Structures are given as C-alpha cells and as structure tokens.
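Visitor: I am new to this structure and would like to learn how to read it. Could you walk me through some of its features?

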Amino acid sequence: TIVLATRGDAQFHLSALFGLSCFKMTDVQAPVRPKRKKNIMDLLVQFRWIVVIFVVLPLSFLYYFSIYLGDVRSECKSFKQRQKEHDENVKKVVKRLKERNGSKDGLVCTARKPWVAVGMRNVDYKRARHFEVDLSPFRNVLNIDTERMIAKVEPLVNMGQISRVTVPMNVSLAVVAELDDLTVGGLINGYGIEGSSHIYGLFSDTVVSYEVVLADGQVVRATKDNEYSDLFYAIPWSQGTLGLLVSAEIKLVPIKEYMKVTYKPVVGNLKEIAQAYIDSFSPRDGDQDNREKVPDFVETMVYTPTEAVCMTGRYASKEEAKKKGNVINNVGWWFKTWFYQHAQTALKKGEFVEYIPTREYYHRHTRSLYWEGKLILPFGDQWWFRFFFGWAMPPKVSLLKATQGEYIRNYYHENHVIQDMLVPLYKVGDALEWVHREMEVYPLWLCPHRLYRLPLKTMVYPEPGFELHKRQGDTKYAQMYTDVGVYYAPGPILRGEVFDGIEAVRKLESWLIENHGFQPQYAVSELTEKNFWRMFDGSLYENCRKKYKAIGTFMSVYYKSKKGKKTEKEVQEAEQEIAEVETPEVDEPED
C-alpha cells in the first residue's frame, strides 16, 4: 500500500537524498562494494568549485548576456527581414557544400567547437579531418503564426529564446524542454522531452516540416505527406547525418499565464512508487485521451528507494491564480530554493498546491541543472549563495566542459552518471530497481512520453503488438514510455567505494536492449556497432543515407555517437561497407 507522507512520518535526510545511508522498506538491495583508494583526481574534482566560481560563472554570465543582446536585436527585426537573411544564409551553406572536394576533403560537420555541445559524450569525431560548414547565423525565430499555430525557427534557437517570444502571446511549443540552453536542432536531430510529452510525444513528434540542405546542395522541405516523407521520418535521432537542418516548423498550442502544480508525496517501495507515478497521469479505465482526466504536465522525482514526489500541472488563468487564498510561487527568482528541493518539502508537509508563472515553470530546472548543481557547487543551494550569487547561475555546460580537461572528463565518465533510459511505462518499476541495484543514483527523474506507431519504422519505435495488451497509458496509436533520468554521482562513489562506471553503462545498455528501451545519444555510450543497431532500427535511416547521397559526405550516426576518437580511415571503411550492402527494405505504411 502507498502511504502519503505527512509531517510526522516522513523521515527524510540530506544524506539519504544522495545515497549515503541504508533505507527502510526497500525490497532491492545494492551489492556490498570494497573501498576505493583516492588519488589526485579526486582532489581536483573536490575543489573544482574554485574554477567554477572564479572562471566559469563570470564567463557564463557574460556569454548569456551577449546571447540575450543578440536575441533582442533579432526580435527588433521584422519576420520578413529575418526570412530574407535566412535565405541568404542558406545560399552560403549551399555554396560551401559545393566547394567540397569529396576525394580530398574530410566528411562534413558543423564549425561549432566540440566543447560547445550540451551533451556529455566526447565529441571526438571532429578530431578526424573534416570539412566545416558554419551554421552559427541560424539562431533566429523566423515566424510565429498564431492562425496556423506554427512557429518557424532556425536550429540554434534555444528553449529560453523561443519561450520568451511565445509565452507573452499565450502560445507555446507543444513540448518545451526544461533547460534554457537546449536548441531546436539538438532536440530534433537528437532527443527532447518535457512534462507535456505524455500528450504530444517527443519534441520531434511536434515538428510539421524540416528545411534541409542535402549532401549535393539541394534544399528540400520535408513533411509527413510530401515526396520527402521518408526523410521527414528519418531525421529524428539521426544526429544531423542525413543533411544540414536550417529551419523547422513546429506545432504551437494555446496556454494560460500560470501552471497550477500539485505536489503529492509517496512512500513505499520502488514498485509502489512506479505505480503511483503511473496513476498520476494515466487513468486506469484507459481513457488516456480525455483531457479532463489527464493533466497538462507530469513529472516525478524519486528521492530515495522509498520516497518520491509526484507532480502534475494544469494551465490556469491569471484570474484563477490570483484568487484569495491561492499561493503563487515565482520559482524563477534567483534567490528561490532550487526546484527539486522545493518539491521535496512535500515529503514533510504533505500534499500541497501552488501556482507558478508558466514560463518560470517551463524552466524550473535550469538554475540548478536539475540537481547536478549540487555536485558542481556543493554550497550552491545555500540561502546565502542563492541570495548573493544565484543570479549568475547556472554555469554554462559548454564552459564547464571547456575548462575540465581530458583527465577530469574521463574521471566523470568513470565516476559519474548522466543517462536517460527510455523504457515502456509498464517496466518503470523494473527500471527503478535496476538503477538502485547497479548504480544507487538519487534523485531520479521520471517523465512520460508517447512513442507513436508511425507510417514508417523509425530508429525508435513501440513494441510490436503493444496495442493488443491494452496496458495503462497506451492507446491504439501510441505506446506510453517513460524517461528515467539518472543524473548524479552513484551511491558507491559518494561512500568512497569501488564503482566501475564504464561497466555500469554497458549493463545499462544491455538492459535497455533486452527491454525494448532506448538510450539518447547525447550520453556517453559503450555500445558496439552491432548492439547499437540492436537498440535502434536502421532500415529507414540507411535507406535515406543512400537515397539522399549522405554516404561519403556525412558521418554515420553510429560513428558520430561512438565513444573515442574516430579516424578518417575507420569511418571511410565503415561507410564503404555500408554502401556495398544491398539497400534494406523499408516497412510499408500501416493501416
């Protein structure tokens, strides 16, 4: 039975939050591990906050401010002027591609520096000889069409920029990823999710059209029902290896000024927590499309193996939020308690409701980078730091990477976890138990998303025959999945015990393959090429690689995601091997 925590019975301590003590009520036991010997790298990482305070934070603030000024300048221009500049920049990209000599120049990639990417994997593919194309001018919102409910944006537009433009108009992207820095291009070519994904799917599922420059310099517009429909379905998760994305049209939805958020504490074992999470947004009668029964936003944070807080949100008008007795919480103020710690208070005081301004709710995890900020700055959550220096948060992820060096980077890969596990909803309990047994990382982030049954079989796809089981959360046209976000130092590391991070990631990937799960490619991966294509389906992708002449021009998605340095010879041999294989058949459209 799940017990709602009250002030008297919620025994919760900071040490428990980070896996430093034993837990009651859990049915899953982590293995006993030997103590590890500390070395100089432990000391450097322990005091890395000095570099963050005196170097990264000031540079981050200046960087954010300069980007903001650029966004303001862009917003001062008319949509017509922005579109004109966009067309000129596309011509420059086409010209640059046509300058490439396929026999002499390396494979095409963007001119963006490797450390600028938000993802945590090593961007080693740029160490090989390559041909750079500059996409840095593509950072403008080209149009907001409130009649068609479509936003046309360039790939380097980030979530903070687009929400700043749309929210005052009472419209928003259907899926707004939580962190300000995440870009449209990254969320499309890679992976993007939000608390509304249980309704709209992943970020790429909300895209209406793509404008893409192909390997031969041809500019095409791909939609789900035109001659480039195969390319439309192949672009998500392709990591920009089919062509260069230069703009996208994305679905808008109507919104209100506030989000009414309900915090519901749960105490129980991991399977009970999983069921409480499922019940928070998925009616047991199967009426998943009934918006009266399904909240607008959903997330759950699991703080220990026995304690979690389920959060649901519904849009609310300004008039409703400001009624007498209602609590308004402006979580976006720099001095406010970090959101995950604020939500955690429900474990002591019980269920409560408050209203948060919509845009501040969208970016509620930005300032603390979920809970990674606690590792980066151990005192960053203290009131005095938030009050005097909170305005400078968060440190820019790319600058953290740029200042860490290869040794510290490898240390993090071995002693730290940043992974997302996309698993079928009915297997969430199993996933939570696996993470506790193998990694002991807390808090954990749970966010549901639909995985649609599409006309073509894409790289990620629902389980065959899922609709026959009529499981909670599923519909006839989509299977409900969940992102289990695993971000923090594992319990063994915090206790000074031996932990093999590389082996843990290998086990995670094997578990995902066995359970029809998926691993977003921003993360560090240990997958071999064989296992990569066991996790993902490559039939449509490889067919489009050949059809649109990407082979020999763009690196394949596996070699772009693969850990370690990619030599030009290695890539070319792999590409030639693929080119010689007969074109795979693509699944026919389903009824």
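Guide: We will look at helix packing, a pocket and a few backbone details.

Guide: This is a predicted model, in which local features need pLDDT of at least 70 and side-chain atom pairs count only at pLDDT 80 or more, while totals for chains, interfaces and linings use all residues. Residues are numbered from 1 along each chain as its sequence is written, and side-chain values use heavy atoms, with hydrogens and water left out.

Visitor: At what angle do the axes of helix 9 and helix 18 cross?

Guide: Helices are DSSP runs of H or I with at least four residues, strands are E runs of at least two, and both are numbered from the N terminus. Axes are lines fitted to C-alpha atoms, for helices over the stretch in contact, with angles from 0 to 180 degrees between N-to-C directions. Here, helix 9 (residues 270-279) and helix 18 (residues 428-438) have axes that come within 8 Å and cross at roughly 140 degrees. That angle makes helix 9 oblique to helix 18; under 35 degrees counts as roughly parallel, over 145 as roughly antiparallel, 65 to 115 as roughly perpendicular and the rest as oblique.

Visitor: Which residues of helix 9 and helix 18 meet?

Guide: Contact means heavy atoms within 4.5 Å. From helix 9, L270, K271, A274 and Y277 meet V428, G429, D430, L432, E433 and H436 of helix 18.

Visitor: How does helix 18 lie against helix 21?

Guide: Their axes come within 11 Å and cross at roughly 165 degrees, helix 21 being residues 501-514. That makes helix 18 roughly antiparallel to helix 21. Helix 18 brings D430, A431, W434 and E438 to this contact, and helix 21 brings A504, K507, L508 and W511.

Visitor: Which elements supply the lining of the second largest pocket?

Guide: At least two lining residues each come from helix 7 (197-200), strand 6 (207-213), helix 8 (229-234) and strand 14 (444-452). By class, the lining has 18 nonpolar, four polar and five charged residues. Ala, Val, Leu, Ile, Met, Phe, Trp, Tyr, Cys and Pro count as nonpolar, Asp, Glu, Lys and Arg as charged, and the others, Gly among them, as polar.

Visitor: Where is the backbone cis?

Guide: The peptide bond from M393 to P394 is cis, with omega near 0 degrees, and P394 sits in the loop between helix 15 (383-389) and helix 16 (397-402). Another cis bond joins Y442 and P443, with omega about 0 degrees; P443 is in the loop between helix 18 and strand 14.
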